[in-house]
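Dear colleague,

Here is the structure I promised to pass on, and my notes on what was found in it follow directly below. Please read them with the model open beside you.

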Amino acid sequence: MNVPRLVVAAPSSGSGKTTVATGLMAAFSERGLAVSPHKAGPDYIDPGYHALATGRPGRNLDAFMCGPDLVAPLFAHGAAGCDLAVVEGVMGLYDGAAGRGELASTAQVAKLLRAPVVLVVDASSQSRSVAALVHGFASFDPQVRLGGVILNKVGSDRHEAMLREALEEAGMPVLGVLRRVPQVAAPSRHLGLVPVAERRADAVSSVAALADQVRAGCDLEALMALARSAPPLACEAWAPEHALLPHPAPARNRPLSGPAPAFEAQGSGSAAPGSGAAPVIAVAGGPAFTFSYAEHAELLTAAGAQVVTFDPLRDEALPEGTTGLVIGGGFPEVYAPELSANEPLRKAVAAFAAAGRPVAAECAGLLYLARSLDGKPMCGVLDADARMSERLTLGYREAVAVSDSVLAVAGTRLRGHEFHRTVIEPGAGAAPAWGFTHPERRVEGFVAGGVHASYLHTHWAAEPSVALRFAEAAAARPAALR
């Protein structure tokens with residue numbers, strides 16, 4: 001494929017990547033271009049703003065969870081038919097998975113996509129030193145093509161002139177200059193920006209303001225020319241239908257090399273085959289459950305399921321005919337009183353799980369299935385209680401399925417990501433969901449009947465049989481009663 005593309009990176013977090021990337025997406029979309037938005041790494045929140053800016057699903061490119069070989073195919077899938085693709089980086093340009101070199105870094109993604117990089121520099125506390133900083137980033141890895149700089153938080157005309165002079169001496173093009181405009185910043189809290197679904201009207205205004213700022217301060221023609229300079233990308237686009245087909249390697253949803261040492265695999269076999277009827281899989285959404293990867297719903301649909309979204313804050317019953325339930329990540333701790341007050345839905349979820357029907361819960365979903373969250377009654381599916389804590393749990397994980405479940409056969413290995421400031425006690429049930437093999441060795445999560453609940457976020461494109469197995473389990477169950 002030959003889609004013009006840019007990677008928006010920075011020397012460090014907090015430099016303004018989201019401001020610039022979202023503003024560029026919106027500004028080019030306003031010109032009538034079909035813009036494909038992407039985010040390097042596991043972040044769920046920024047893609048919501050990207051989707052608002054472009055009208056297309058924000059998609060993640062994570063070389064740790066999905067593997068480097070899937071980065072370009074997943075990109076090609078999302079960018080098909082588009083006029084431009086913008087990829088927002090993660091952390092600093094060369095920061096990746098801890099102790100793994102360039103793995104999962106923005107630099108690795110840029111190289112895999114053969115895409116030029118635009119470096120966003122927070123220039124608020126420097127002048128001529130900016131040239132030394134940019135020179136270091138440009139020369140650190142010759143395979144990373146740094147095509148220009150956007151200067152952020154510039155204080156005055158004189159400040160801008162000094163910065164431009166320094167970068168001209170270094171031979172680095174200045175593609176934009178943004179002044180300090182705090183009123184367009186999106187609000188944040190303990191896990192990053194507040195998701196779009198929680199502040200949609202204000203988010204629309206913020207994205208429009210970002211577009212205005214970028215349009216006024218950046219050379220859009222030069223940025224588009226840089227994007228068009230990206231060479232053709234030789235890869236086949238990922239497709240959910242193709243991903244679900246049997247492949248000779250790697251083995252699909254079975255132990256790749258047996259269960260990990262020190263973890264006892266519980267059970268064997270697989271989910272019952274589907275009955276032929278299209279299963280209705282209800283996916284939690286709304287302000288409390290905003291974390292999801294677009295490919296999950298696409299894989300479930302390709303597996304023959306009908307995917308329906310519901311809002312646990314508003315809906316008092318599961319969607320009609322529900323045979324499978326997916327409750328992903330989000331911020332249930334912010335909405336604990338409202339979620340608790342919706343007693344009809346809590347009881348419906350509890351009855352659904354008690355009937356042995358398939359439920360997949362990640363992070364926020366785990367908390368919602370608990371007995372309580374910060375003292376507020378939840379669904380009571382799990383014999384566990386959750387609460388906010390002072391400690392942030394964050395990082396990539398290598399995991400092995402400890403117990404057979406509706407998602408995986410015991411021994412299946414996956415990579416995932418933890419990102420929460422809550423704890424649940426106990427942290428694992430009698431049949432744990434996962435055993436972590438790196439960076440620490442412990443068991444985590446719950447498997448009970450048709451329920452799989454865990455803190456671990458996973459990307460099903462890395463192991464599509466997870467979606468197929470869940471859809472088959474949903475097809476084998478009778479419809480839930482309203």
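Ser-405 counts as buried in this predicted model, because its relative accessibility is 9%, under the 20% that marks the limit. Ser-405 sits in the loop between β16 (385-401) and β17 (413-425), where its side chain reaches the backbone nitrogen of Leu-407 at 3.1 Å. Apart from neighbours within four places in sequence, the residues in contact with Ser-405 are Val-447, His-452 and Arg-469.

The second largest pocket holds about 950 Å³ of space and has a lining of 43 residues, with Phe-289, Thr-290, Phe-291, Ser-292 and Tyr-293 lying nearest its centre. Among the elements that give two or more residues to this lining are α10 (294-302), β12 (322-327) and β21 (451-454), while the largest share, 5 residues, comes from α2. By class, the lining has 27 nonpolar, 14 polar and 2 charged residues.

As for aromatic rings, a search of the whole structure finds 7 pairs. Tyr-44 and Phe-291 are stacked, because their ring centres are 4.9 Å apart and their planes lie at 5 degrees; this pair links distant parts of the chain, 247 residues apart. Both Tyr-44, at 10% relative accessibility, and Phe-291, at 6%, are buried. Phe-64 and Tyr-396 are likewise stacked, with ring centres 4.3 Å apart and planes at 25 degrees. Since Phe-64 lies in the loop between β3 (59-61) and α3 (68-79) and Tyr-396 in strand β16, that pair ties together parts 332 residues apart in sequence. Finally, Tyr-44, Phe-291, Tyr-293 and Phe-331 form one aromatic cluster.

With best regards

How values were computed:
Residues are numbered from 1 along each chain as its sequence is written. This is a predicted model: local features need pLDDT of at least 70, side-chain atom pairs count only at pLDDT 80 or more; totals for chains, interfaces and linings use all residues. Side-chain values use heavy atoms; hydrogens and water are left out. Helices (H or I, at least four residues) and strands (E, at least two) are DSSP runs, numbered from the N terminus. Buried means under 20% relative accessible area, exposed over 50%, partly exposed in between (1.4 Å probe, protein chains only). A polar contact is a pair of N or O atoms within 3.5 Å; within protein, one must be able to donate a hydrogen and the other to accept it, and residues adjacent in sequence count only if both atoms are side-chain atoms. Contact means heavy atoms within 4.5 Å. On a 1 Å grid over the protein atoms alone, a cavity is a set of points where a 1.4 Å probe fits but cannot get out, and a pocket is an open set with protein on both sides within 12 Å along at least five of seven lines; lining residues have an atom within 4 Å of a point. Grid points are joined across faces, edges and corners, and a volume is the space filled by probe spheres set on the points. Ala, Val, Leu, Ile, Met, Phe, Trp, Tyr, Cys and Pro count as nonpolar, Asp, Glu, Lys and Arg as charged, and the others, Gly among them, as polar. Rings of Phe, Tyr and Trp (its six-membered ring) pair if their centres lie within 6.5 Å; planes under 30 degrees apart count as stacked, over 60 as edge-to-face and the rest as tilted.
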